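Please look at the sequence and the model together. The paragraphs below go through selected loops, a strand and several helices.

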Amino acid sequence: MKKVKLLSTLVAFSIMLAGCASSANPQTPAATPAGTGNTGTAAPVQKNLTVAYSEGGTTLDPAEANDLTSDTLVLAAYDQLVTYGIKTENGASIANTEDIKPMLAESWEVNADNTVYTFKLKSGVSFQSGNPVDAEAVAYSFDRVAKSSSGSFLYGMASIKNVTVKDASTVEVTLTNANHNFLQILAMYTFSIVDKKAVEAQGADYLKTNAAGSGPFKLEKWDPATEAVFTANQSYWQGAPSLGKVTLKFTKEASNRVLLLGKGDVDMAIEIPPKDVASLESNSALTVASNASNRILFFAMNNKVKPFDNVKVRQAINYAIPYDELLSGVMYGQAKQMKSAVASNTPGFSDAGFVYEHNLDKAKELLKEAGYEKGFTFDFTLGSGFDDWEDDAVLIQAELAKIGVTMKINKLARAQFLEQQKTNNLTSYISKWTSFVNDPGYHLGFLLYGKGSSNYINYQNAEVDKLWDQANLETDAAKRSELYKQAQEIITTEAPWAYLYEYNRIVGMSNTISGYAFYPDEVIRFYPLSIQE
């Protein structure tokens with residue numbers, strides 16, 4: 001058995017979780033790490049944090065959450081068995097999803113073929129209700145994910161076969177096969193540990209609008225139209241949060257979020273438009289964190305709908321994209337060109353096969369070879385809610401007109417767009433994607449694997465599927481990376497998408513805030529944050 005080293009003390013555990021944020025929990029003296037309990041000295045008054053969010057979320061149920069706000073709400077109120085480490089790159093604190101740290105699981109053992117994980121739970125941890133965090137709660141939480149409409153695909157992607165309670169503090173998870181992403185997936189909000197007793201007492205629908213976790217904050221209010229309010233869990237097992245209250249103000253218009261931040265009416269704002277970064281950076285009271293993310297934007301073409309069932313047509317579209325205009329005129333330098341189906345900061349990224357540039361002559365040549373010398377007309381569905389999407393669509397439409405291709409833009413409200421997208425029947429559209437686990441297998445498994453749950457453009461390639469299957473079982477990281485690189489080259493050559501760009505994740509905040517770290521899932525963790533005078 002391979003055994004993960006148990007952290008010797010709660011002090012060391014707390015330091016790891018805090019990462020680079022030395023002020024993550026300053027209600028204790030500087031010499032005493034967060035989460036070490038009552039030191040006998042008076043704690044500073046807890047500050048309140050107000051954050052402007054774009055949307056109000058759809059659920060508080062960890063197993064069903066799948067939008068940025070819902071995910072944020074879940075991570076404020078819940079813990080998971082394991083969590084990600086923190087590293088520093090270019091002076092910024094970012095999550096290292098390959099570095100798995102204990103959370104509710106104090107330690108774990110793995111059998112020789114990496115198919116059985118035995119987790120030992122931390123003793124003395126309670127849910128906010130006072131009920132103990134035990135193995136029954138873990139098994140119950142996993143079972144909810146397996147049966148959920150949203151999280152069940154992740155359950156399968158993690159290769160979980162069954163979960164067995166060994167005793168009150170020990171749970172065994174058996175996989176169908178070795179899976180290098182298992183622990184990374186386990187750290188996601190989807191696998192938050194839920195208070196079984198509280199949920200069973202309240203009924204099946206309780207978690208849609210209520211929280212039953214062991215996390216650092218208690219839910220006080222959630223109105224998707226206006227705000228969500230959390231108060232500090234003063235009995236939190238890692239130590240009470242530095243923040244006494246966190247309020248999320250749901251502010252749909254990006255310009256209003258920028259205005260609120262600039263005036264000091266909120267302490268932090270997300271989804272900052274690229275055009276506003278420079279003005280916010282000129283405000284001496286603010287800090288703008290702009291991190292290269294693995295959030296990608298692509299022009300999707302339905303591979304089963306004419307003329308996009310022809311690879312030469314799809315390649316022609318790639319040559320017609322005005323890449324430089326998108327990056328400078330739309331994104332103001334807050335993005336980089338995308339050159340693979342996988343983001344460039346993902347381990348195993350490869351731009352092999354990427355030959356596309358803005359070349360209308362080459363685009364015309366390919367259309368002629370495909371039998372569309374006179375061009376064609378197609379429907380493009382534009383989901384609302386993102387200014388850059390609309391600007392991109394207009395620019396692309398204009399370029400396509402120069403090669404005889406008419407792009408008919410049909411606008412849809414975002415909710416309708418998402419529903420239509422899931423039918424796999426849209427001819428073309430622009431869409432973004434963020435892989436919460438920074439791994440090409442996770443990313444391609446959702447989007448471009450033949451059976452992927454988000455393969456909405458019907459891309460099918462037997463060789464890509466074979467490479468993905470082989471990589472998913474490969475335990476050697478170098479060999480696995482090579483398999484993913486081969487898959488990326490095939491995908492790029494076949495051009496099921498036109499690659500647009502990789503976003504920077506932009507968060508504006510008051511200079512008084514410390515402890516912020518960027519995570520690939522783009523969810524803000526409030527527990528490490530503190531506000532200084």
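E271 lies in the loop between β12 (268–270) and α9 (277–281); helices (H or I, at least four residues) and strands (E, at least two) are DSSP runs, numbered from the N terminus. E271 has a positive phi of about 55 degrees, although it is not a glycine. The model is predicted, so local features need pLDDT of at least 70 and side-chain atom pairs count only at pLDDT 80 or more, while totals for chains, interfaces and linings use all residues. Residues are numbered from 1 along each chain as its sequence is written, and side-chain values use heavy atoms, with hydrogens and water left out.

A positive phi, of about 65 degrees, is also found at S159, again not a glycine. S159 sits in the loop between α4 (152–157) and β7 (160–167). With a relative accessible area of 4%, S159 is buried; buried means under 20% relative accessible area, exposed over 50%, and partly exposed in between (1.4 Å probe, protein chains only).

T118 belongs to strand β6 (residues 116–121). Its relative accessibility is 18%, so T118 counts as buried. Leaving aside residues up to four places away in sequence, T118 touches S107, W108, E109, T170, V171 and E172, where contact means heavy atoms within 4.5 Å.

The loop between β13 (286–301) and α10 holds N303, and P307 is placed in the loop between β13 and α10 as well. A cis peptide bond, with omega about 0 degrees, joins K306 and P307. N303 is buried, at 11% relative accessible area. A polar atom of the N303 side chain lies 2.6 Å from the backbone oxygen of M301. Beyond four places in sequence, N303 touches F308, D309, R314, I457, N458, Y459 and P496.

What caps the N-terminal end of α10? The cap is N310, with a side-chain oxygen 2.9 Å from the backbone nitrogen of K312. Helix α10 (residues 311–320) is largely enclosed by the rest of the structure, because 8 of its 10 residues are buried. These are V313, R314, Q315, A316, I317, N318, Y319 and A320.

Helix α2 (residues 68–77) is likewise largely enclosed by the rest of the structure, because 9 of its 10 residues are buried. The buried residues are T69, S70, D71, T72, L73, V74, L75, A76 and A77. Their cover includes β2 (47–53), β9 (217–223), β10 (227–232) and β11 (243–250).

Helix α17 (residues 477–494) packs with two helices described here. The axes of α16 (residues 462–473) and α17 come within 9 Å and cross at roughly 160 degrees; axes are lines fitted to C-alpha atoms, for helices over the stretch in contact, and angles run from 0 to 180 degrees between N-to-C directions. That makes α16 roughly antiparallel to α17 (under 35 degrees counts as roughly parallel, over 145 as roughly antiparallel, 65 to 115 as roughly perpendicular and the rest as oblique). E463, V464, L467, W468, Q470, A471 and N472 of α16 meet R480, L483, Y484, Q486, A487, I490 and I491 of α17.

The axes of α15 (residues 440–447) and α17 come within 11 Å and cross at roughly 40 degrees. That makes α15 oblique to α17. P440, G441 and L444 of α15 make the contact with Y484, A487 and I491 of α17.

Definitions and conventions: A polar contact is a pair of N or O atoms within 3.5 Å; within protein, one must be able to donate a hydrogen and the other to accept it, and residues adjacent in sequence count only if both atoms are side-chain atoms.
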